[in-house]
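Hello,

Here is the structure I promised to pass on to you. Please have a look at it first, and then read my notes below.

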Amino acid sequence: MEYLISCQHMFYTYHTLQGETPALCDMDFQVKPGEFVSIVGPSGCGKSTLLSLLCGLLQPESGKILLNGKAITKDCSIGYMLQHDHLFEWRTVKKNILLGLEIQKKINRETLKEADDYLKTYGLYDFKDAKPSQLSGGMRQRAALIRTLLLHPNLLLLDEPFSALDYQTRLQVSDDIGSIIKKTGKTAILVTHDLSEAVSLGDRVFVLSPLPATIQAIVPIHFPPEFSPLQRRNTNEFKDYFNQIWKELNLNEP
Amino acid sequence: MNHDTLSAAQITFLKAHKRQKIRIHFYRFAILITFLFLWEFSAYKGWIDDFIFSSPSKLLLCCYHMIRENQLFYHIGITLFETIVSFILVMIFSLIFTILLWYSKTLTKTLDPYLVVLNSLPKSALAPLLIVWLGANYKTIILTGMSVAIFGTILNLYIGFQEVDAEKIKLIKTLGGTPTQTLFKVILPANASNIIGLMKVNIGLCLVGVIIGEFISSKSGLGYLIIYGSQVFKLDWVILSILILCCIAILLYGIIGLLERCQKNKT
Ligand SMILES: Nc1ncnc2c1ncn2[C@@H]1O[C@H](COP(=O)(O)OP(=O)(O)OP(=O)(O)O)[C@@H](O)[C@H]1O
Ligand SMILES: [Mg+2]
């Protein structure tokens, strides 16, 4: 199998007493191992729903999602970073990043050592006994990333992970986290509202249509691989990609 | 914070704050002393009838006699015991029950109207019935104490459980957690201060419930002393018991307050 994820003609509908909301319509795409895919689309079009399906929290109504050629189950290792870091105030930073290991009962000498290494690498070691509220927004996001990475996911799902940050921190953190993910060679799918974020981080950008979401366009992004997200932002092509995606998004607007 | 790194203005502020605190304590104390003095003085002058209103000195004397006769501490002990036991049982049972409700939506939806009705019922109305069914003993009194607090506690706890951020629960799910792990890693810790708040309310409610129970049936406890005292016109007993109840309430409240401070320090 050459694809890490292959999503085949997937549909999903929410059912409530008020009626049904078709959220995803005929989603069909593939993602290669090591690829970084950005997803943009109008508000409420079904981006979070797509991620929930990809990590197995929801089951598709019809169609299939295959991870390494097999159906997605509970114990596929998929890391999901939610919109907010959700660090628990009643735990120290270290205990927070160990939460995933704790839940999967994987705490042992090696994983503890690895956690310490991560904390050192990402500049959180001095804060390991601090409360999350003592960290800056960027540090909290890094802690949340470590919590996810410690489980060694094959696939990382990021749902607007930087949207709670102010603009300047956001640039830094997305650069920071983007580089971490690239360095570890993880496959990642990033949902974002911010087109420049999508272009600066992604290898491909999927543009979704309004509800029910379907893939309207796939924009491949070509930059030299050694470029960091910030370096990408400073090139001329960056603006072209931005405009191209902007146009795609506004096709549906009256 | 280190004292020698503080600026002069900060030190002045802290001092002013401390002086203000001392002043407040002084006023509080002054009110108490003035009240006791006026009470004693007007009884002494005959402005009020000390047979009905008693007086601080009469109360002290009465207290002394009752201690000599080994009565006072016996009654206090009984009431305190019944209150604490019913409080502990309320907390344990309501936690267990709420956890069951949290696990099963069907159970919650089914029982919801019953809980609401039981909660809005004036619980003191149940006490006479309980006494007839179970007899006039300390178990009935404990049950009366529990009945006052338990339904409200369950409803409030359940609301607290429901209010936990759905995204936090989603986080546990994405990490592969089971419902039981969600309960212990998120729901209960997130509700710690809510639970302590309910404990504060319940300790008072249980005391009320226990006194109601003692009014109706018991042969011991402060509630019994109050009822019996008013029937035989020993109003010293009644007033003394009420004052002691105040002290008990303050004491129990203080203990929960300590617990609250421990919990705050931890998070
Ligand atoms: N649990 C649910 N029950 C019913 N409808 C839902 C539910 N969750 C989402 N929806 C509906 O499905 C649609 C897609 O929701 P989703 O959260 O996936 O959008 P989104 O693209 O992530 O939005 P946003 O950009 O605001 O994050 C929305 O119109 C929403 O109203
Ligand atoms: Mg969303």
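Before the details, some notes on conventions. This is a predicted model, in which local features need pLDDT of at least 70 and side-chain atom pairs count only at pLDDT 80 or more, while totals for chains, interfaces and linings use all residues. Residues are numbered from 1 along each chain as its sequence is written, chains are lettered from A and ligands numbered from 1 in the order in which they are written, and side-chain values use heavy atoms, with hydrogens and water left out.

One of the salt bridges joins the side chains of Arg204(A) and Glu35(A), at 2.6 Å from N to O. Arg204(A) lies in strand 9 of chain A and Glu35(A) in the loop between strand 2 (19-31) and strand 3 (36-40) of chain A, so the pair ties together parts that are 169 residues apart in sequence. Helices (H or I, at least four residues) and strands (E, at least two) are DSSP runs, numbered from the N terminus.

Now to the interface. Here 19 residues of chain A are in contact (heavy atoms within 4.5 Å) with 18 residues of chain B. The two chains bury about 1800 Å² between them, 68% of it on carbon and sulfur atoms; buried area is the accessible area (1.4 Å probe) that two parts lose on being put together, summed over both. On the chain A side, His86(A), Trp90(A) and Ile103(A) lose the most area to chain B, together 35% of what that side buries.

The rule finds one salt bridge across this interface: Lys185(B) pairs with Glu102(A), with the closest N and O atoms 2.8 Å apart. Strand 6 (78-81) and helix 3 (99-103) of chain A are the elements that give two or more residues to the side of chain A that touches chain B. Helix 3 of chain A provides the largest share, four residues.

Helix 2 (residues 56-68) and helix 11 (residues 235-266) of chain B pack at about 85 degrees, with their axes 10 Å apart. Axes are lines fitted to C-alpha atoms, for helices over the stretch in contact, and angles run from 0 to 180 degrees between N-to-C directions. These two helices of chain B are therefore roughly perpendicular (65 to 115 degrees). Residues making the contact include Cys62(B), Cys63(B) and Met66(B) of helix 2 of chain B and Trp237(B), Ile239(B) and Leu243(B) of helix 11 of chain B.

Helix 1 (residues 8-45) of chain B also meets helix 2 of chain B: their axes come within 8 Å and cross at roughly 95 degrees. That makes this pair roughly perpendicular as well. Leu36(B), Trp39(B) and Glu40(B) in helix 1 of chain B meet Pro56(B), Ser57(B) and Leu59(B) in helix 2 of chain B.

Finally, two backbone details in chain A. Most residues other than glycine have a negative phi, and most peptide bonds are trans. A cis peptide bond joins Leu211(A) and Pro212(A), with omega about -10 degrees, and Pro212(A) sits in the loop between strand 9 (204-208) and strand 10 (215-220) of chain A. His152(A), not a glycine, has a positive phi of about 50 degrees; His152(A) is in the loop between helix 5 (137-149) and strand 7 (155-159) of chain A.

Best wishes

Notes:
Salt bridge = Lys/Arg side-chain N within 4 Å of Asp/Glu carboxyl O. Parallel < 35°, antiparallel > 145°, perpendicular 65-115°, else oblique.
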